[in-house]
Amino acid sequence: MLSRKQTPHVPENQQCDTYAWFSQRAWVEIDLGALSHNVHQLRNFLSPHTELMAVVKADAYGHGSVTVAQTVLQSGASWLGVATVPEGIQLREAGIKAPILILGATHTLEQIHAIAHWKLQPTLSSPKQALIFSDTLEAIKFTSPIPVHIKLDTGMSRLGTNWQQAGEFVQLVQRLPHLEIKSIYSHLATADSLDPEVMMQQHQRFSEAIAQIKALGIEPPCLHLANSAATLAAPGLHYDMVRVGLAIYGLSPALHLRSRLDLKPVLQLKARVTHIKTIAAGTGVSYGHQFIAPHEMRLAVVGIGYADGVPRNLSGKMQALIQGRRVPQIGAITMDQLMLDVSTLPNIQEGEIVTLLGEEAKEEISADDWAKQLNTISWEILCGFKHRLPRVGVI
Ligand SMILES: Cc1ncc(COP(=O)(O)O)c(C=O)c1O
């Protein structure tokens with residue numbers, strides 16, 4: 001029934017068993033071969049001494065974090081990046097031993113306890129936060145120092161101490177008990193832009209901050225700055241590690257960076273035709289009758305909707321693939337279902353598989369296509385698929 005090489009591998013955190021997924025009305029298919037390929041591509045692109053951190057926050061950009069983490073670590077990534085403490089704990093509970101950096105902010109007693117207990121590595125963005133960590137670890141009599149990562153703000157205006165205060169900040173953290181500086185890093189705001197000016201200004205500020213730290217006699221252990229876009233665009237910004245999210249999932253952060261590496265999209269969104277009918281000319285379709293059939297039409301109802309993460313704003317603006325052919329979606333996308341015009345495909349059957357994102361024959365619909373229609377970015381599209389869609393690993 002499925003058109004591609006299929007050994008179904010259902011991630012542990014899915015509620016369906018290996019056979020149940022096959023009867024699902026809709027699912028997200030994760031090509032673990034493509035994931036591994038992308039990591040190899042990146043690994044070969046980086047110099048051997050540059051480490052690769054796979055950013056697996058937000059459930060690995062919607063791909064399923066445990067399965068993704070296991071695959072990328074087997075393929076050449078050596079670090080994992082998450083946003084929150086629970087995301088890190090989920091990976092530890094699955095038995096993952098690799099170093100895990102929490103990219104987001106952490107302050108509370110519970111978070112600090114969990115970080116120490118689960119051997120997660122926090123980002124420190126201010127002297128106040130560093131003092132809270134040190135005092136809390138003292139209070140709970142935590143004996144061994146915990147590895148921490150110093151975040152500098154060089155122009156993103158999000159987390160981090162202003163780059164001009166880098167020396168003071170690093171010196172303070174170094175003197176505090178219970179903390180061991182593992183890396184110093186910053187995040188780029190415009191690395192995907194065609195104009196490199198702001199990225200280079202941030203790079204310059206990062207270099208100045210590091211010079212400041214070195215002038216105090218402190219040798220920074222590990223430096224990192226680049227996300228996917230900077231990794232592809234500017235090898236001079238790779239430093240000791242790169243933090244790559246989007247590119248490991250096979251998408252390019254910008255059109256002009258597409259040709260840098262041969263990346264393969266990892267995620268495909270699929271659903272089944274649940275009902276087929278013929279409607280007469282003049283018949284309205286779906287809520288609000290935004291679409292009125294101009295002639296007699298064959299219509300396929302598909303078991304996926306906005307509650308699964310297909311944005312309602314794509315109503316009447318998206319297409320899908322069936323039997324390797326593109327067909328238009330018509331009428332308003334509803335919570336659990338949407339309708340396709342399959343008038344050109346008279347032999348479509350109920351139960352047939354529809355590809356909403358992915359490849360069939362020579363046709364492809366990508367998260368970039370949806371992002372363009374919705375005036376957003378592919379990152380948001382990937383993160384938008386809800387948990388009621390099982391993630392099915394394809395090896
Ligand atoms: C601090 C940090 N580093 C790296 C990344 C990875 O970014 P990208 O998906 O563009 O590679 C992110 C993602 O938002 C991030 O917040």
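In this predicted model, helix 5 passes helix 6 in a right-handed crossing. Helix 5 covers residues 109-117 and helix 6 covers residues 127-139, and their axes come within 10 Å while crossing at roughly 70 degrees. The two helices are therefore roughly perpendicular to each other. On the helix 5 side, the contact is built from Leu-109, Ile-112 and Ala-116, and on the helix 6 side from Phe-133, Thr-136 and Leu-137. Sorted by class, the residues of this contact come out as five nonpolar, one polar and no charged.

Gly-104 belongs to the loop that runs from strand 5 (100-102) into helix 5. Is Gly-104 buried, exposed or partly exposed? It counts as partly exposed, because it has 16 C-beta neighbours inside 10 Å, and the cut-off for a buried residue is 20 or more. Leaving aside residues up to four places away in sequence, Gly-104 touches Ala-83 and Thr-84. Thr-123 lies 19 residues from Gly-104 along the chain, and the C-alpha atoms of the two are 6.9 Å apart.

Lys-141 is in the loop between helix 6 and strand 7 (146-153). Although not a glycine, Lys-141 has a positive phi of about 55 degrees. Lys-141 is exposed, because 7 other C-beta atoms lie within 10 Å and 12 or fewer is the cut-off for that class.

Another positive phi turns up at Ala-361, again in a residue other than glycine, with a value near 50 degrees. Ala-361 is part of the loop joining strand 19 (353-360) to strand 20 (363-365). With 10 C-beta neighbours inside 10 Å, Ala-361 counts as exposed.

Helix 3 (residues 65-75) packs on helix 4 (residues 85-93) at an angle of about 65 degrees, and the axes are 10 Å apart. The crossing of helix 3 and helix 4 is right-handed. Which residues meet where helix 3 and helix 4 are in contact? Helix 3 brings Ser-65, Val-66 and Ala-69, while helix 4 brings Glu-87, Gln-90 and Leu-91. By class, that makes three nonpolar, two polar and one charged residues in the contact.

Helix 4 also holds Glu-93. This glutamate is exposed, with 12 other C-beta atoms within 10 Å. That count still falls in the exposed class, because the class takes in values of 12 or fewer. Glu-93 and Trp-118 are 25 residues apart along the chain, yet their C-alpha atoms are separated by 8.9 Å.

Helix 7 makes the contact through Ala-166, Gly-167 and Val-170, and helix 8 through Ala-209, Gln-212 and Ile-213. The contact of helix 7 with helix 8 comes to four nonpolar, two polar and no charged residues.

Along its principal axes, the C-alpha trace spans about 80 × 45 × 40 Å. How much of the chain is buried? Of the 395 residues, 44% count as buried. As for contacts with a separation of 6 or more, 68% are between residues 24 or more positions apart.

Definitions and conventions
Residues numbered from 1 in each chain as written. Predicted model: local features only at pLDDT ≥ 70, side-chain atom pairs only at ≥ 80, totals over all residues. Contact = placed C-beta atoms within 7 Å. Axes fitted to C-alpha atoms, helices over the stretch in contact; angles between N-to-C directions. Helix = DSSP H or I, 4+ residues; strand = E, 2+ residues; numbered from the N terminus. Parallel < 35°, antiparallel > 145°, perpendicular 65-115°, else oblique. Left-handed = near helix turned anticlockwise from the far one by under 90°. Nonpolar A, V, L, I, M, F, W, Y, C, P; charged D, E, K, R; others polar.
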